[in-house]
Amino acid sequence: MSKKFFITTPIYYVNSVPHIGHAYTTIALDILARYKRQKGLDVHFLTGTDEHGANIEKSACAQGVTPKEWTDNVSAQYKEMWKALNISYDDFIRTTDAKHEHVVQAIFEKLLKQGDIYKGSYSGNYCLSCEQYYDESEMLEGGLCPVHKRPLTEVHEETYFFKLSKYQDALLKFYADHPDFLSPKYRANEIINFVKGGLRDLSVTRTKVKWGVPVVSDPAHTVYVWFDALINYVSATGLGTLLCEDKAEHEEQLKKIGAQSFEDFWPANLHMVGKEIFRFHSVIWPAMLMALGLPLPTKVFAHGWWTVEGEKMSKTLGNVVNPVELADKYGVDPVRAFLFREVPFGQDGDFSMQSFKNRYNSDLANNIGNLLSRTLNMAAKNVGYLPAEAAAQSATHKRALEVEKAIDGHYDELAFDKVLENIYGFAGELNKLVDEKKPWELAKTDKEAAAAVLLELVCGLRFIAQWIAPFMPGIAQEMQRRLAPGKIEKYAPLFPRLEDK
Ligand code: MSP
């Protein structure tokens, strides 16, 4: 079996309800997965939920249910959300899956045995929300968490450490030798400087947190939630068959996900993450892989954050945007496309209903939607029947191939905004062609010339339908149906215009 194109989202915490920020990471990866499948690659798209830790225990307790009941419930909500957003994932891992817990335990014991994990004690300032210690230089004035701006908790505990410091030079060498490993570049530089500043060993167990994976050789400790979570990328894809005693269970799992061995997946081609968890994926995780003697992923990409009408999304502010509600109202595809046209992928962005409506009208209703309906209406009158191959030698066809090349280049950079810009730009060019050639007038004097223009437009639209498929799979399918060879029918607008109210 050949190596799969293996791509991952972070696994989502189950301590709050999923919102548009979470959907953003996953839709980004879904777009890439669909594009790569179009190109014929054997994609394996992994997502899941991160279910251990003190926060989750607290959320469950606050709801009066057991952590297991709580995690089952929220994990199911994520699955529902992915269904509603048309996410084509291939596998869904939960860190409470036995197959995952066994791999975490096996990795821990292996690293302990080889001396990459050792026992010590720790005191420091901990953020319960980030599940992370911050040192003096990182905290904000008044001892606040730099992410949550809330007071850090002073924690003293006996703990096991992972020898992160040992990998400092190896990491720096790896970054230097693989300039495309961390992306975008402006975020990569921050990481490199952080590592150059010196790495400290990482506390990887807790004695106070009960809702976690117990350390086999010292069950008073549970494994630190990030150490546990990062391992999902390899536990979901069969590392267990190499590490764990219970091989049968892991072999069964491999069969289920259509593979024979761990090497069919690993190394991952891409870890897609948000900027606030870039460091975990570009420093700690690579060091863990080095300690395990496993190759590093090809790329880690960190995207930016969404605010809503200028504010951070929060339950307290009551401004959390639920992508499923939005999709129910406006259609899932326009929501998916909006998120990736509005903001250059990698940078932060702001969500507002006004910008959503503006883009919907200008990019979809007035541009692509209008092009499709005017072309099909005119073609119904003047051509009557669509051939399988339309205008294959035309200038439009040639131009489409150029645009396609540009699009492929933008996908290589994960510049989803530029992909859409090219698609919408091409639709704009075709609309201009209609305005200039005026096929409805041309038809009065030269029916053949008018038909030729219309077939060029059909040719262009067929390209568009194919290009938008990763972003708007449902709409693309409907466009393809309308543009299929055969008799032309009458259709309702693909994107009914949204009024301003
Ligand atoms: N559980 C960890 C990840 C472990 S991966 C081994 C975690 N989970 S999370 O649920 O908090 O976040 C998951 C993803 O959602 C991150 O990529 C994060 O950037 C994204 N987003 C959450 N809120 C967001 C916005 N407001 N805007 C954009 N994305 C943000 O971290």
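## Getting started

A residue is called buried when its relative accessible area is under 20%, exposed when that area is over 50%, and partly exposed in between (1.4 Å probe, protein chains only). This is a predicted model, in which local features need pLDDT of at least 70, side-chain atom pairs count only at pLDDT 80 or more, and totals for chains, interfaces and linings use all residues. Residues are numbered from 1 along each chain as its sequence is written, and side-chain values use heavy atoms, leaving out hydrogens and water.

Helices (H or I, at least four residues) and strands (E, at least two) are DSSP runs, numbered from the N terminus.

Let us begin with Leu414, which sits in the loop between H15 and helix H16 (416–437). Leu414 is not a glycine, yet its phi is positive, about 55 degrees. With a relative accessible area of 4%, Leu414 is buried. Ala391 also has a positive phi, near 50 degrees, and belongs to the loop between strand E16 (385–386) and helix H15 (395–412).

Two cis peptide bonds are worth a look as well. One runs from Ser183 to Pro184, with omega near -5 degrees; Pro184 lies between strand E7 (182–183) and helix H6 (185–196). Another runs from Trp266 to Pro267, with omega near 5 degrees, and Pro267 is in the loop between helix H10 (247–256) and strand E11 (270–274).

## Helix H4

Helix H4 covers residues 98–113, 16 residues in total, and its first and last C-alpha are 22 Å apart, close to the 22 Å expected at 1.5 Å a residue. That expected span is 1.5 Å times one less than the number of residues. Buried residues of H4 include Val103, Ile107, Phe108 and Leu111. After H4 comes Gly115, with a positive phi near 90 degrees.

## Salt bridges

A salt bridge here is a side-chain nitrogen of Lys or Arg within 4 Å of a carboxyl oxygen of Asp or Glu. By this rule, there are 25. In one of them, the closest N and O atoms of Lys68 and Asp72 are 2.8 Å apart. Both residues lie in helix H3 (residues 67–84), four residues apart, about one turn of the helix. Lys68 is partly exposed at 40%, and Asp72 is partly exposed at 32%.

Glu157 pairs with Arg206, with closest N and O atoms 3.9 Å apart. This pair links distant parts of the chain, 49 residues apart: Glu157 is in strand E6 (residues 153–162) and Arg206 in strand E9 (residues 205–206). Both Glu157 and Arg206 are buried.
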